[in-house]
Amino acid sequence: MTRSTRTSYLLASTALVALAAATPSQAQQLALEEIVVTAQKRSQNLQQIPISITAISGDELDRIDLNEIQDIAIQTPSLEFSRAGGEAQLYIRGIGTNIFGVTVDPSVAVNQDGVYLARTQMGLTQFLDVERVEVLRGPQGTLYGRNATGGAINLISRKPSDEVEGYAQANVGNFGRYEFAGAVSAPLSDTIKTRLAARFIEDDGFTKDLDPRGADEIDDQNLFAMRGTVEFDPNDDVTFTVVADWSDFTSHNRSVVPRDNLGLAESLGALPQEFGQTRNDLPTYYDWESGGITATLDWQVTDGIQLKSISAYKEFKGDFLFNTDGTEIDVTRSNFQYDTDQLSQEIQLSSTDDGPFQWIAGAYYITENKYGALGLVRAPLGLSFIIPNDDEGEAYAAYVEGSYQISDTLKATAGVRYSDESKDDVTSVGAVQDLDGLDSILPVGNFGAPREASESWNAWTPRFVLEFTPNDDMLFYASATRGFKSGGFNAFDRTPSFDPEFIWSYEVGAKTDLTDRVRLNASGFYYDYSDLQVSTFINGLTLTTNAAEATVKGVEFEVKTLVTEELEFNLTGTWLDAEYDTFLSAQGINTDGSPRIRDLSGNSLINAPEWSINANANYTVDLSNGGTVEVFGQITYRDQVYFTQFNEAAVGQDDITLVDARIAYTTPDGSWQLGVYGKNIFDKEYFQNGVRFTSTSDPATDTSAIGNALGYPAPGAQYGVQMNYRF
């Protein structure tokens, strides 16, 4: 898509919005629904919150078979998702991380029913009985704390209901996909309500393995997940909720495709590969289990004060074998094991009266026990390098935020959070003389003494907001917010720790209901990003250092309109300018063997497309029998992205346009629905992520030791039939 085409796209979309605003007056009774979110840890109308938020309801997720965070990135301004092997990475407005291991933390916080999930993998399961997904863009350091420099994603489950109700869903699609999901909610007495939800998914994967020595399937998934909720309401002032969940996932891991001729496998005669095919010679796998229990107390202490307590235990265990070079030649394989658990407690006090001064205060504690290990198998050397990490983390925080209504149109908000945390790490590096990786029974020969280190950090993260509301339908705001991401250790080496990174965000925005049927929200932002935790190549290893500064500027917009009673049209978009101000990074070696240092000033940040646009429409036709037919379609455009700081085409993805559609029939009583859907219906071929690995490259061809370029394919065209029953 050229810039002129993009301009035409925007002009056409704007014309549609104008058409909606000019629809004849008899349709003025139509109105967009109010969206209630808990982004500021209390229930509020989305249009009255001075934060850039996208909220997607569970019904909207069902519309086009949106099953996980990867899927909602299509419709969410500035949210980018990429995956390397079984590891997923989240970016918002160019802020994220591609660093692996239990010794590092994400830059986008994922929260499940108010509980921060310290390991991102815990929140990347398939959506299960979701009421709403909220994506908060920009640093959320005051109310959400550490590791939310990019933003936060809140997953909110459906609650037990006062009456018996539920649903059952079935989905059959290509790639051998079968899916069944359902939930039932029922009161047990006047004070106790329950809800049980479950989901099962199985498919053969979107890639065919042509090598009989490997897995029969790859890029596949087999998931079973369930959640039980019990809500106890002894009186009008107290609600006590207990949620227990568990998920079990098995697969044959992800495919990877060589993207240049620097690989040792290519030198040894590996055959070329096409999208949708691989020659995987290994019985690869990615299996994990995750679950936990959350207890929440809501207590209206007085007419004007509410107390909330959230206690949670979560755990994640994973086992992972990956064909690192992605070919039928046995060059390198990666073996990961994870065993992590967390215990957290948060207590909040907040005002609930209607006075001019509103406030919230809280205290937070989390402790993490994290074990991770890498087995890096080098077949040509006959060795398996073994690198285990035993890591513990502990964090305390306290926060307070208050808002004062200065006048009928002006409100000021100020808040601050203090965070204090510590981490202990034991890491060793060794090898065994076989190709069994972490499954080897041979004793490990360590290369020197293990690293035994302890570090601690603290930070103040304030937030300031000024709001102007000239009427009930318009909110204008300006904010300044500081974000903080925890320091950590290099997971696969014994080098020293790295420090936290910080970001100052300055944002102006508007939330407007131009008419009852036209909503326009927009924001502009400027980031000053310092002490970035970035990957660089030193002494043959990829290491994390605080080696960069960056500036991020951008504009976002969301338009929602009811064109007619039958037609709803939505348009979202982001323009992003995210560049490194200073970044000296090693890439490869010079002829004398010294590191080759590159000045990356002016390069784009990782996963930061200049333009991303989504347009979708939903048209509902009322039939003479009382049933309805609903037609949904969307077009998504994303500009070129790079997956490393070096901004190479071989480790990036050109601009891409995807088209999705769905048509569904609902019976007159609303209980049954039959739908047919398609995602990426024109079968566009593109990469979700890319890397360079020196472990897979051939020193004879990769003379500068920059590494072999590899890409992780995204699914092609997906289509299926859905059947839903509600009672």
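This is a predicted model: local features need pLDDT of at least 70, side-chain atom pairs count only at pLDDT 80 or more; totals for chains, interfaces and linings use all residues.
Phe320, at 3% relative accessibility, counts as buried, where buried means under 20% relative accessible area, exposed over 50% and partly exposed in between, with a 1.4 Å probe and protein chains only.

Residues are numbered from 1 along each chain as its sequence is written, and side-chain values use heavy atoms, with hydrogens and water left out.

For aromatic pairs, the rule is that rings of Phe, Tyr and Trp (its six-membered ring) pair if their centres lie within 6.5 Å, with planes under 30 degrees apart counted as stacked, over 60 as edge-to-face and the rest as tilted. By this rule the count comes to 21 aromatic pairs. One of them joins Phe175 and Phe206, with 6.5 Å from centre to centre and 65 degrees between the planes, and is edge-to-face. Phe175 belongs to the loop between strand S11 (165-173) and strand S12 (177-187), whereas Phe206 belongs to the loop between strand S13 (192-203) and strand S14 (208-209), so that the pair links distant parts of the chain, 31 residues apart; strands here are DSSP runs of E, at least two residues long, and numbered from the N terminus. Phe175 is partly exposed at 28% relative accessibility, while Phe206 is buried, with a relative accessible area of 13%.

Returning to Phe320 and Phe336, their ring centres are 5.1 Å apart and their planes stand at 80 degrees, so this pair is edge-to-face. Because Phe320 lies in strand S20 (residues 305-323) and Phe336 in strand S21 (residues 332-351), the pair ties together parts that are 16 residues apart in sequence. Both rings are members of a cluster linked by ring pairs, which also includes Phe249, Tyr286, Trp288 and Tyr712.

Which rings have a charge over them? The charged end of Lys41 sits over the ring of Tyr144, 4.9 Å from its centre, and that of Arg93 sits over the ring of Phe525, 3.9 Å from its centre; the criterion is that NZ of Lys or CZ of Arg is within 6 Å of the ring centre and within 35 degrees of the ring normal.

Lastly, an open sheet is formed by 3 strands in the order S4-S5-S6, with antiparallel pairing, where two strands pair if DSSP finds at least two bridges between them.

Notes:
Helices (H or I, at least four residues) and strands (E, at least two) are DSSP runs, numbered from the N terminus.
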